[in-house]
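Hi,

Here is the structure I promised to pass on to you.

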Amino acid sequence: MQMAAFNAVCPYEIGDKINAVKAVNGQLFSVGVSTITDIACTHYVKSGKVVFTYELDSCGQYAPLVDLRSPEKKK
């Protein structure tokens with residue numbers, strides 16, 4: 001078995017509130033404010049990539065989050 005180690009920082013914390021949107025036919029629709037209730041981290045050994053996925057409002061499903069703000073507003 002191969003040993004792997006990684007160092008990553010998650011941009012969110014459990015309990016953070018986000019404004020969730022959903023894409024339907026290329027258009028974005030607000031689904032309201034959601035709370036992050038769990039965070040999963042996947043480390044890909046071959047590529048070294050680290051991906052965070054988030055559970056919102058204890059729904060049981062995990063998905064990545066995408067920051068829709070323009071780059072100048074992220075600062």
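**Hairpins, sheet and core**

In the hairpin of strand 2 and strand 3, six residues lie between the strands, and Gly-48 takes a positive phi near 80°. Before I go on, a word on the basis: this is a predicted model, where local features need pLDDT of at least 70 and side-chain atom pairs count only at pLDDT 80 or more, while totals for chains, interfaces and linings use all residues. Residues are numbered from 1 along each chain as its sequence is written, and side-chain values use heavy atoms, with hydrogens and water left out.

Strands here are DSSP runs of E with at least two residues, numbered from the N terminus, and two strands pair if DSSP finds at least two bridges between them. On that basis, four strands form an open sheet in the order 1-2-3-4, with antiparallel pairing. Strand 1 (17-24) and strand 4 (62-63) are the edge strands, each pairing on one side only.

Strand 2 (residues 27-43) and strand 3 (residues 50-56) run antiparallel and are joined by seven bridges. Across this pairing, Asp-38 stands opposite Glu-55, and Cys-41 has Phe-52 as its bridge partner. Strand 1 and strand 2 also pair in the antiparallel sense, over eight bridges; here Ala-23 has Leu-28 of strand 2 as its bridge partner.

The hairpin of strand 1 and strand 2 has two residues between the strands. Asn-25 is in that loop, and its phi is near 50°, a positive value in a residue other than glycine. Ser-58 sits in the loop between strand 3 and strand 4 and is exposed, at 55% relative accessible area.

What makes up the largest nonpolar core? The five residues are Ile-18, Ile-36, Phe-52, Tyr-54 and Leu-56, and strand 3 gives the largest share, three residues. A nonpolar core here is a set of buried Ala, Val, Leu, Ile, Met, Phe, Trp, Tyr and Cys residues joined through side-chain atoms within 4.5 Å, where buried means under 20% relative accessible area.

Leaving aside neighbours within four places in sequence, Ile-36 is in contact with residues including Tyr-12, Ile-18, Tyr-54, Leu-56 and Leu-65. Contact means heavy atoms within 4.5 Å.

There is one aromatic pair, counted when ring centres of Phe, Tyr or Trp (its six-membered ring) lie within 6.5 Å. The rings of Tyr-12 and Tyr-54 have their centres 5.5 Å apart and their planes at 85°, so the pair is edge-to-face (planes over 60 degrees apart). Tyr-12 lies in the segment before strand 1 and Tyr-54 in strand 3, so the pair ties together parts that are 42 residues apart in sequence.

Best wishes

Conventions. Buried means under 20% relative accessible area, exposed over 50%, partly exposed in between (1.4 Å probe, protein chains only). Rings of Phe, Tyr and Trp (its six-membered ring) pair if their centres lie within 6.5 Å; planes under 30 degrees apart count as stacked, over 60 as edge-to-face and the rest as tilted.
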